[in-house]
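This briefing goes through one protein chain by topic. Please keep the sequence and the 3D view open while reading.

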Amino acid sequence: MALRHAVLAALLDGEYSGYQLAKAFDIGVANFWHALPQQLYAELTKLEKEGLVTGRQVIQETRPNKRLFQVTDAGRAELEQFAAAFSKPAFIRDDLLVKVQAADRIGTGPVIEQLEERAAVAQAKVELFGELLRQMRGDADEEEFLLRGDRIGPYLTCLRGLAFEQDNRDWCLRIAAVLRMRQSTPAER
């Protein structure tokens, strides 16, 4: 997937400024695609040149002027082609896993600390995703929302982000506990 597709997908819900798009990425899209604000601005410029988004200038009296972007028909067609194309399976590439793999040969203290830090970050994301899901659902329960909700794509990707962070948290806590237990019970050589 290219950043362009993530930007086009994020713009499907309406017209956004670059700043609003960056916030939307932080809240929703970031659970499956990370991008820095400057990358988003550069991508919006490319997409506009290619006719996949249109931008319009909004004059503001008390703030700097801003540009608002929305997806064009050509942008929707690009997303439809992307959706129809084969998706490669995801893979894990994480430096913390390299540290865990080497932990019993290099010392476990720093690795345990990093696992616990990662678990805390994952827990914060679990709470954020939980709140986002509640906001998207409103008064509906989850099954009702999934059956009849207006737009469930963002909800479904948020569910994946929630599951990923829960699993990440649980794995980190378990591995930290295993390494701590091994510290207190030296293996026989």
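Glutamine 57 stands opposite arginine 67 in strand 3; two strands count as paired if DSSP finds at least two bridges between them. Helices (H or I, at least four residues) and strands (E, at least two) are DSSP runs, numbered from the N terminus. This is a predicted model, in which local features need pLDDT of at least 70, side-chain atom pairs count only at pLDDT 80 or more, and totals for chains, interfaces and linings use all residues. Residues are numbered from 1 along each chain as its sequence is written, and side-chain values use heavy atoms, with hydrogens and water left out.

- Strand 2 and strand 3 (residues 66-71) run antiparallel and are joined by six bridges.
- Threonine 54 has glutamine 70, in strand 3, as its bridge partner.
- Two bridges pair strand 1 with strand 3 in the antiparallel sense.
- Leucine 68, in strand 3, is the bridge partner of serine 17.

**Phenylalanine 69**

- Phenylalanine 69 belongs to strand 3.
- The relative accessibility of phenylalanine 69 is 7%, so the residue counts as buried (buried is under 20% relative accessible area, exposed over 50%, partly exposed in between, with a 1.4 Å probe and protein chains only).
- Leaving out residues up to four places away in sequence, phenylalanine 69 touches Leu11, Gly14, Glu15, Tyr16, Leu44, Glu48, Val53, Thr54 and Gly55.
- Phenylalanine 69 and arginine 56 are 13 residues apart along the chain, and their C-alpha atoms are separated by 6.6 Å.

**Arginine 4**

- Arginine 4 is part of helix 1 (residues 3-10).
- With a relative accessible area of 17%, arginine 4 is buried.
- Among residues beyond four places away in sequence, arginine 4 touches Glu43, Leu47, Glu50, Leu52 and Glu78.

**Helix 8**

- Helix 8 (residues 153-184) has 32 residues and should span 46 Å at 1.5 Å a residue; its end C-alpha atoms are 47 Å apart, which agrees (the expected span is 1.5 Å times one less than the number of residues).
- The buried residues of helix 8 include Tyr155, Cys158, Leu162, Glu165, Arg169, Cys172 and Leu179.
- These buried residues pack against helix 5 (95-106), helix 6 (109-137) and helix 7 (142-148).

**Whole chain**

- The protein chain has eight helices and three strands, running α-β-α-α-β-β-α-α-α-α-α from the N terminus.
- The radius of gyration is 21 Å, whereas a compact globule of 189 residues would have one near 16 Å (taken over C-alpha atoms; the globule rule is 2.2 Å times the number of residues to the power 0.38).
- The C-alpha trace spans about 70 × 45 × 40 Å along its principal axes.
- Of the 189 residues, 29% are buried.
- Of the contacts with a separation of 6 or more, 58% are between residues 24 or more positions apart.

Technical notes. Contact means heavy atoms within 4.5 Å.
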